[in-house]
Amino acid sequence: MKTELVTPNIVKRPAEARGVAELGWLHSRHTFSFGNYFDADHMGFRSLRVINDDVVEPGRGFGEHPHRDAEIFSYVIEGELEHKDSLGNGRVIKAGDLQYISAGRGVVHSEFNPSPKKRVHFLQIWLTPKTSGGVPRYAEKSLGQAAGPNQLTLLFAGKAREQAIEIRADADIYFGKLDAGRQLEHSSPAGRGQWLQVISGDVSVAGENLKPGDGLAIENTRTLSIKSGGGAEFLLFDLN
């Protein structure tokens with residue numbers, strides 16, 4: 001019996017190819033179609049629907065707006081992001097921390113840069129949940145400098161494990177941190193796909209070299225070898 005060879009499917013999404021939104025107070029780059037930016041070739045990847053790379057000017061932000069049936073994550077790269085929502089949560093999310101809202105049957109929230117002088121730079125990420133409705137949820141993951149070097153730290157998961165917070169999507173979300181000249185491996189069951197989003201530094205994976213803002217979709221590969229020449233931080237999404 002012959003073993004069927006499966007060809008890896010690798011698609012790079014360069015930072016400079018992303019959609020652009022410039023509103024004066026907001027400088028945004030869209031990995032996938034969002035708002036006034038539409039690209040039929042980039043509507044999302046599996047359950048990953050939005051990766052917006054946002055810079056908000058001092059004292060400005062997104063006023064109250066509703067969401068439903070979305071798993072929403074905000075990762076602060078630089079500065080601080082003030083969050084308020086209809087669940088009664090009010091937090092200032094600091095650089096290196098990641099916030100989660102499961103909108104469920106409906107939630108209203110706002111995001112604001114509380115600094116009078118400094119910009120805030122953050123990623124806003126949406127995943128499509130497995131089912132619609134449900135009671136909204138809120139959680140935070142404080143990483144700061146605590147994330148272990150040269151490893152993947154599991155932050156959120158479709159099933160709670162390893163101190164990860166359970167989410168309503170069949171997805172595992174990891175924070176990766178590599179020192180210069182180091183590498184790590186990630187293995188996943190057959191049939192799943194991965195998206196790697198570079199936050200800082202340089203990453204080499206699946207024959208592609210990535211810089212900040214670059215993303216990479218990976219399918220038909222059971223084990224990834226992720227390397228960095230000068231050190232890097234990134235998010236890795238393992239998706240059904």
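The largest nonpolar core of this predicted model has 27 residues. A nonpolar core is a set of buried Ala, Val, Leu, Ile, Met, Phe, Trp, Tyr and Cys residues joined through side-chain atoms within 4.5 Å. Buried stands for under 20% relative accessible area, exposed for over 50%, and partly exposed for values in between (1.4 Å probe, protein chains only). Numbering starts from 1 along each chain as its sequence is written, and side-chain values use heavy atoms, with hydrogens and water left out. Because the model is predicted, local features need pLDDT of at least 70 and side-chain atom pairs count only at pLDDT 80 or more, while totals for chains, interfaces and linings use all residues.

**Cores**

- Leu48, Phe73, Ile125, Leu127 and Phe237 have the most contacts inside the largest core; contact means heavy atoms within 4.5 Å.
- At least two residues of this core come from each of strand 4 (48-56), strand 6 (71-78), strand 9 (97-102), strand 11 (120-127), strand 13 (151-157), strand 15 (171-178), strand 17 (193-201) and strand 22 (232-239).
- Another core, of 18 residues, lies apart from the largest one and includes Ala164, Leu196, Leu210 and Ile218.
- With neighbours within four places in sequence left aside, Phe237 is in contact with Leu48, Ile125, Leu127, Asp172, Ile173, Gly193, Gln194 and Trp195.

**Whole chain**

- The chain holds 22 strands and zero helices; both are DSSP runs numbered from the N terminus, helices being H or I of at least four residues and strands E of at least two.
- The radius of gyration is 18 Å, which agrees with the value near 18 Å for a compact globule of 240 residues; it is taken over C-alpha atoms, and the globule rule is 2.2 Å times the number of residues to the power 0.38.
- Along the principal axes, the C-alpha atoms fill a box of roughly 60 × 40 × 35 Å.
- Of the 240 residues, 51% count as buried.
- Among contacts between residues at least 6 apart in sequence, 71% join residues at least 24 apart.

**Surface and charge**

- Carbon and sulfur atoms account for 49% of an accessible surface of about 11400 Å², computed by the Shrake-Rupley method with a 1.4 Å probe.
- There are 28 positive and 30 negative side chains, and the centres of the two sets lie 2 Å apart.
- Lys and Arg count as positive and Asp and Glu as negative, without His and the chain ends; each charge is placed at NZ of Lys, CZ of Arg, CG of Asp or CD of Glu.

**Loop residues with positive phi**

- Most residues other than glycine have a negative phi.
- Asn150, in the loop between strand 12 (137-142) and strand 13, has a positive phi of about 60°.
- Asn150 is buried because its relative accessible area is 17%.
- Gln163, in the loop between strand 13 and strand 14 (165-166), has a positive phi near 65°.
- Gln163 has 74% relative accessibility and so counts as exposed.

**Other loop residues**

- Pro58 sits in the loop between strand 4 and strand 5 (61-67) and, at 24% relative accessibility, is partly exposed.
- Not counting residues up to four places away in sequence, Pro58 touches Asn113, Ser115, Pro116, Lys117, Lys118 and Arg119.
- Pro58 and Gly230 are 172 residues apart in sequence and 31 Å apart from C-alpha to C-alpha.
- Asn36 lies in the loop between strand 3 (26-30) and strand 4 and is exposed, at 88% relative accessibility.
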